[in-house]
Amino acid sequence: MNYCCEQDIHRAIDNLKPSLTSGPDGLPNILLKHLKFVISPFLTRIVNCSISSGVFPSTWKVSRVVPVPKRGSKEIIDNYRPICLTSVLGKVVEAVVRKQFQDHLELVLPQNMYGFRKSKGTQDALVRITDRIMELKASGKIVAILALDASAAFDCLNHNVILTSLKIMGVGQRMIRWSESFLTGCSQFVDIDGIHSDFWTLAVGVGQGRKLSPDYYNVGSTSAASWSKISESFLFADDGSNVIAGDSISDCNKKIQEVANELALWFDLVGLTLNPQKSEVIGFGFDPEPITIKGHLVQPKKSIKFLGLHIQSDLKWDQQVELICNKLRSSAGRIRVEGYHFTIKDRRQLYFAWTQGCLMSNALVLLPRLNSIELFTLQTAANAAIRAVLGLPRFGKVPINDLRMQLKIPSVRNICDRVLNEYAWKRNSHVVANKVIVRNTRSTASGKIIHPIQKGLRGHMISTKADLAWNSLPIETKFELQQSRAFAQIKKSIYAF
């Protein structure tokens, strides 16, 4: 861990949200932004003292917990979500340390961990897990998913597990000392309309509302990525699923129970509380036997929801399509009501925020796999929002495609082609990186790769579709080394307006 400079402090302050909320010290983020150049010399010295001594100031270890209503009656305590607010000055210290810490973590964290990492998100995890299911089934395997749920995972992870994992990862002694100081001696209190509860000290957990919490959770849960030897793990923070494959139904059922026992042991060892009631198991093309987790019987399901995507046992997507259609129609209603007095230009912005934002969520996982009827169904639901933008009646014949083009709004098919081509470039751009290629045929000269197998389930894999899309890209896009320029070229070639 190296010392910081004033520019590091400036970047950390610039990345703060300009909010008026404050932690226990009463200092809001926006105040620190206004005083950035005045306070940065002093903060730089404090941060460097913290780094050199390996001590995180105890006054910034206090957290203020504020209950915020989620939904339903405010008279019911279960309808509130606890929001943990920490000192904004402490967040600056964390941000500076995290910038250095993440660079090292990216080198040592397993590839099947996707949460809170650069260039890895829910979409990457879902593409990989769904492709793996199809790949295994195409190979003749019997496949199932086991998803175990942890209660309050961020609040229960054992500190010794985190610190030991840091040592194994090769983190320096200075960072280990600082991490131990950061994790120990933390306290919280509840604030309701200015009335404070008693303080309580946290002996476990990585803390809520702290910038380094996700990274420490990744460190402490690293062993989960390779804990099971008979299944493949796909982890996103405290959400995870294990893909299990067997040569027969009985073999797969046996492995499901064995993996459940393995993971239950892991939960106990790292201090997490396993929640059998929310744990799920699903088979693809067969009905698994019920399994027992800590004395609780878990029945198999026909569909599970993982990272916002409904994965069905028949590997179809009608549930997800129906869910998205409902959201698209809901966004159309919001545009009509909340944008009633807006101009068309302003309502168009609402469309991109609410309607297209919904379509873009996990678009790469879903849209390329849909058939023409399902894509048409999504487009029909999106057209309701386009009507709302223009203030047209909900029903009636209008040249909706022409109107959409005039508004420069991409179709569902446009979005599908765009996300697939962008993924194809990210996946295969290394083929022509620095133009190191043997130009001995017309195919290699144009940067093409060998066509993948497209029969059966392999043809529905996103990796297969991406490789085919890569071969169809213009040669100037393939040989473009900057991602921003390549994506701009892809967008220009697809959006014909």
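Predicted model: local features only at pLDDT ≥ 70, side-chain atom pairs only at ≥ 80, totals over all residues.
**View 1. S241, a buried serine in strand β8.** Look for S241 within β8, which covers residues 239-246. Is S241 buried or exposed? Its relative accessible area is 0%, and a residue counts as buried under 20%, so S241 is buried. Leaving aside residues up to four places away in sequence, S241 touches I129, I145, L146, A147, E232, S233, F234 and F306.

**View 2. Helix α11 and its buried face.** Helix α11 takes in residues 318-338, and its 21 residues should span 30 Å at 1.5 Å a residue. The C-alpha atoms at its ends are 30 Å apart, which agrees with that expectation. Now pick out the buried residues of α11: Q320, V321, I324, C325, L328, S331, A332, I335 and R336. Why do we say that they line one face of the helix? Seen down the axis of α11, the buried residues fall within an arc of 155°, so they line one face. The face turned away from this buried side carries the exposed residues E322 and V337. Among the elements covering the buried residues are β13, α12 (344-360), α13 (363-366) and α14 (372-390).

**View 3. The largest pocket and its lining.** This pocket has a volume of about 980 Å³. It is lined by 39 residues, and those closest to its centre are F116, F154, A237, D238 and D239. Which elements give two or more residues to the lining? They are β2 (80-85), α4 (88-108), β3 (142-151), α6 (153-156), α9 (213-220), β8, β9 (273-284) and β12. Strand β3 provides the largest share of the lining, with five residues.

**View 4. Two loop residues with positive phi.** Start with D193, found in the loop between β4 (186-192) and β5 (195-196). D193 is not a glycine, yet its phi is positive, at about 55°. Its relative accessibility is 78%, and the cut-off for exposed is over 50%, so D193 counts as exposed. Next, find L315 in the loop that lies between β13 and α11. L315 is also a residue other than glycine with a positive phi, in this case near 60°. Is L315 buried or exposed? With a relative accessible area of 15%, L315 is buried.

**View 5. T477 and its contacts.** The last stop is T477, which lies in helix α19 (residues 475-478). T477 counts as buried because its relative accessibility is 2%. Which residues does T477 touch, not counting residues up to four places away in sequence? They are W425, A486, Q489 and I490.

Note on methods. Residues numbered from 1 in each chain as written. Heavy atoms only, no water. Helix = DSSP H or I, 4+ residues; strand = E, 2+ residues; numbered from the N terminus. Buried < 20%, exposed > 50% of the residue type's maximum accessible area, 1.4 Å probe, protein only. Contact = heavy atoms within 4.5 Å. Expected span 1.5 Å × (residues − 1). Arc of directions from axis to C-beta. 1 Å grid on protein atoms, 1.4 Å probe; cavity = no way out; pocket = protein on both sides within 12 Å on 5 of 7 lines; lining within 4 Å. Points joined across faces, edges and corners; volume = space filled by probe spheres on them.
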